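The stops below are given in the order in which to select them.

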Amino acid sequence: MTAPERAPLGAALALLMALVALTGAHSPTLVAVAVAVIGALVGIAWPALLELPSPLGTRIAVGGTGVLGAVGALLIAGRDGAVSAVIIVCAIGVFASFVHQMMRRERTRLTDSLTGTVAGVMLTGLGSCWVLAQVAAVDKAATGLVAAIALGLAVTLLVNATGLPTAVRVVLATVLGTALTVFLAGALAGIELLPAAVAGLVTTVGACGAHLLLGSALMARRPAASLAVAGAPVATVGVVTLMAVNLLA
């Protein structure tokens, strides 16, 4: 798939995250389901995107870490040390990456396989921060902030679907995504202009960077690999969302 064909899928995933964030008391569970789905999609597509050998083991490690992180974050969210649990899940994923390499019959391209798998594990593992952010937002009555960030992300990825030159597309996506985040954060969660602008800017720049980086891979245009290109920016922004809820709400 080309960039214009990939980005709407990422925008759709971000829009899904925004919608489930506004579903009330059951929203943490629904966010966890969405995060698990994104982690599984990225895991399935990750070895195809990076052309990694022994793809089955990489899919299990990357996708399994995403699902485990979503479930673990939901079970432990709201308790002391919840962020540490996410780090532990990532560590388990890294350990699984090494076990995967030791179990391979052929050790060709060992470095490529290990580093690529670890990168995917960290990406999907940190995506579980969306769940922690949603639980904290429910407790603080600030679910509108999570929805604002997710909708700003959706607009950012949607603008990236245009056929404009890369530099113009990135600037336009950043400006529009940040502007929408600022507006919705103020309207839905009462967040002041400057902190909302910082949160929106970090979200849009991070999403654009992840999308451009992964979209530049040689295999990124293939349908299977494009799932990772679409899902990775959404997973990446989970950390930003958690920080925004903890610091601004």
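Select alanine 141, which is exposed, with a relative accessible area of 70%. Exposed here means over 50% relative accessible area, buried under 20%, and partly exposed in between, with a 1.4 Å probe and protein chains only. Alanine 141 sits in the loop between helix H6 (129-139) and H7. Helices are DSSP runs of H or I with at least four residues, numbered from the N terminus. Display the backbone torsions at this stop: phi of alanine 141 is near 55 degrees, a positive value in a residue other than glycine. Most residues other than glycine have a negative phi.

Before moving on, note that this is a predicted model, in which local features need pLDDT of at least 70 and side-chain atom pairs count only at pLDDT 80 or more, while totals for chains, interfaces and linings use all residues. Residues are numbered from 1 along each chain as its sequence is written, and side-chain values use heavy atoms, with hydrogens and water left out.

**Arginine 109 and its partner**

Which kind of contact do the side chains of arginine 109 and aspartate 112 make? They meet in a salt bridge, at 3.3 Å from N to O. The rule for a salt bridge is a side-chain nitrogen of Lys or Arg within 4 Å of a carboxyl oxygen of Asp or Glu, and by this rule the count comes to one salt bridge. Arginine 109 counts as partly exposed, at 42% relative accessibility. Aspartate 112 is likewise partly exposed, at 37%.

**H7 against H10**

Select residues 143-159 for helix H7 and residues 223-248 for helix H10. The two helices pack at an angle of about 145 degrees, with their axes 10 Å apart. Axes are lines fitted to C-alpha atoms, for helices over the stretch in contact, and angles run from 0 to 180 degrees between N-to-C directions. To see what joins the pair, show side chains: H7 brings Leu145, Val146, Ile149, Leu153 and Leu157, and H10 brings Pro233, Val234, Val237, Thr241, Ala244, Val245 and Leu248. Contact means heavy atoms within 4.5 Å. By class, this contact has 11 nonpolar residues, one polar and no charged. In this scheme Ala, Val, Leu, Ile, Met, Phe, Trp, Tyr, Cys and Pro are nonpolar, Asp, Glu, Lys and Arg are charged, and the others, Gly among them, are polar.

Move to residues 166-189, helix H8. This helix has 24 residues and reaches 33 Å from its first C-alpha to its last, close to the 34 Å expected at 1.5 Å a residue. The expected span of a helix is 1.5 Å times one less than its number of residues. Buried residues in H8 include Arg169, Ala173, Gly177, Thr181 and Ala185. Among the elements covering the buried residues of H8 are H7 and helix H9 (193-215).

Pick out arginine 169 within H8. Leaving out residues up to four places away in sequence, arginine 169 touches Val159, Asn160, Thr162, Leu164 and Leu212. One of these, leucine 164, lies in the loop between H7 and H8 and is partly exposed, with a relative accessible area of 34%. Just after H8, glycine 190 takes a positive phi of about 70 degrees.

Select residues 55-76, helix H3. H3 has 22 residues and reaches 31 Å from its first C-alpha to its last, close to the 32 Å expected. Its buried residues include Gly57, Ala61, Gly63, Gly66, Gly69 and Ala73, and what covers the buried residues of H3 includes H2, H4, H5 and H6. Just after H3, glycine 78 takes a positive phi of about 90 degrees.

The last stop is proline 28, in helix H2 (residues 27-50). Proline 28 is buried, with a relative accessible area of 11%. Not counting residues up to four places away in sequence, proline 28 touches Leu74, Val131, Gln134, Val135 and Val138.
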